[in-house]
Amino acid sequence: MIESDTICAISTPPGCGGIAVVRISGENAIGIAGRIWKGKALSNVRARTSTLGDIVDPATGDTTDTALAMVMHAPHSFTGEDTVEFSVHGSTWIQSEILRLLIDCGCRMAQPGEFTRRAFASGKMDLAQAEAVADVIASTSKESHRIAAQQMRGGISRRLGELRSQLLDLSALLELELDFSEEDVEFASRTRLLDIAHNVKKEVATLAASFSKGKAIKEGIPVAIVGNTNAGKSTLINALLEDDRAIVSDIPGTTRDTIEDTVRIDGMEFRLVDTAGIRTTDDTIEALGIERSLKALRQARIAIAVIDTTTHPDDTGQILRRVEQEKSDDTLIVVALNKCDSGTAAPHRLAVQSMTPNARIIELSALHGSGVDTLRQQLLELADRPALNDIVVSNARHYEALTLAMESITHVIDGLSADLSGVLIAEDLRQTLHHLGEITGDITTPEILSTIFSRFCIGK
Ligand code: GDP
């Protein structure tokens, strides 16, 4: 469905910036924008070049602002429609006044994500690419930008296109088999069909499995900093952050809540969660904090167990046992033997090694900074950065569709292995195609589109 009315919105963030960009898109974009423009006629402005002029209220003749206008002609624009962009001074009054003038002249305010939705509707990009536009805009690190940009340029779509064509081959071979079933002619052995189905399943499984990493990269890799009160957790976070965000104090139990901050290491973003010490306590507020710490630990991809090497090594065994008990199966642990400036790390190293011989152990001094770079390197290694050409799924909707596609292709495989009739297998095959098609938007409904684009902001 291609909407033909003309929409407008401010595409720069809300508030007052140096400049603001007003975007107008639709069949009448150039005509409507022209009615509030005094300068070179917009229909004569060379595409994608700027021209200087005034924004004028056609009713009163008052000048609202001096601005630059850029014109893009369909289909050579982001939306695929005629588009005009005014770069105006950032005043919030100017912004709202220009929107008022445009609406008076026949524009409609754009809905959230409507520019991108139009780009999808006019075939400029598929749905997975359109969703990636939002991810590119929201990306906060080199790596989260890389996976979003790869998706926006069609990385996932191409891979799904290949799978789709393999499934269509499979479907054609099954149909041939059905057409000639009376004549007892075998067009493709079931082994060949099984090979194709297995291959598709493997690829779908790889894409689905990349989601947990993709999600972590997109949102920042969750790292829980756990350990006894006073072990130096806040000091360590500050060392990693190189600022004083967390509260540092030598009164046990100061960090009562979880504090979250992000640190970027070589283009990867880590979400550090400073947790309350996980000791037993009668203080109800502190107990709440401890409960939250345990939750953070369960959700973390990496846990840094901070050990106070100035305490008795028995404490170290206790804290590690607690961490092992409470963490999720996928959480990777790094043991940070802190306060090694005190020279008392050795017995703690032995205590850790006797419990978990393969533990990753780093000796450091959060206070003085030694060993902190080694910890940064360790975090990078554990984050397991995807290879440059790996396709990484980071969108929950795609993951869900891939999981459903996995189920139906598994039924296809079961059917082929059990020598079921092609008619029965064909339905599961259609389901697999359906679920993969949902990702790229080959199969979609207005409701799905509304849900997806309503998460965008107005102006995107
Ligand atoms: P938390 O309760 O685990 O967050 O511990 P803090 O970060 O608040 O630190 C508790 C105390 O240990 C503070 O007095 C810190 O200055 C001190 N501390 C932290 N790291 C080190 C270190 O590497 N060496 C020494 N000597 N003291 C440290």
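The protein chain splits into domain 1 (7-125), domain 2 (137-215 + 395-441) and domain 3 (223-383), with bounds that come from an automatic or database domain assignment. Between the centres of domain 1 and domain 2, taken over C-alpha atoms, there are 42 Å. This is a predicted model, in which local features need pLDDT of at least 70, side-chain atom pairs count only at pLDDT 80 or more, and totals for chains, interfaces and linings use all residues. Residues are numbered from 1 along each chain as its sequence is written, and side-chain values use heavy atoms, with hydrogens and water left out.

**Overall build**

- You will find 15 helices and 13 strands in the protein chain; helices (H or I, at least four residues) and strands (E, at least two) are DSSP runs, numbered from the N terminus.
- The radius of gyration of the protein chain is 29 Å, whereas a compact globule of 460 residues would have one near 23 Å. The radius is taken over C-alpha atoms, and the globule rule is 2.2 Å times the number of residues to the power 0.38.
- Along the principal axes, the C-alpha atoms of the protein chain fill a box of roughly 80 × 80 × 40 Å.
- Among contacts in the protein chain between residues at least 6 apart in sequence, 69% join residues at least 24 apart; a contact means heavy atoms within 4.5 Å.

**Surface and charge**

- Buried residues make up 49% of the 460 in the protein chain. Buried means under 20% relative accessible area, exposed over 50%, and partly exposed in between (1.4 Å probe, protein chains only).
- The accessible surface of the protein chain is about 21,900 Å², and 51% of this belongs to carbon and sulfur atoms. Accessible areas come from the Shrake-Rupley method with a 1.4 Å probe; for residues, only the protein chains shown count as cover.
- The protein chain carries 46 positive and 65 negative side chains, and the centres of the two sets lie 4 Å apart. Lys and Arg count as positive and Asp and Glu as negative, while His and the chain ends are not counted; each charge is placed at NZ of Lys, CZ of Arg, CG of Asp or CD of Glu.

**Backbone details in loops**

- A74 and P75 are joined by a cis peptide bond, with omega about 0 degrees. P75 lies in the loop between strand 5 (63-72) and strand 6 (83-89).
- D384, a residue other than glycine, has a positive phi near 55 degrees. D384 sits in the loop between helix 12 (372-383) and helix 13 (396-417) and is partly exposed, at 43% relative accessible area.
- D419 also has a positive phi, near 60 degrees. The loop between helix 13 and helix 14 (422-440) holds D419, which is exposed with a relative accessible area of 58%.

- T51 belongs to strand 4 (residues 50-56) and is buried, with a relative accessible area of 13%.
- Beyond its neighbours within four places in sequence, T51 is in contact with W37, K40, V45, A67, L68 and A69. The C-alpha atoms of T51 and M70 are 6.7 Å apart, with the two residues 19 places apart along the chain.
- G53 is found in strand 4 and counts as buried at 8% relative accessibility.
- Not counting residues up to four places away in sequence, G53 touches W37, K38, D65, T66 and A67. From G53 to F453, 400 residues apart along the chain, the C-alpha separation is 34 Å.
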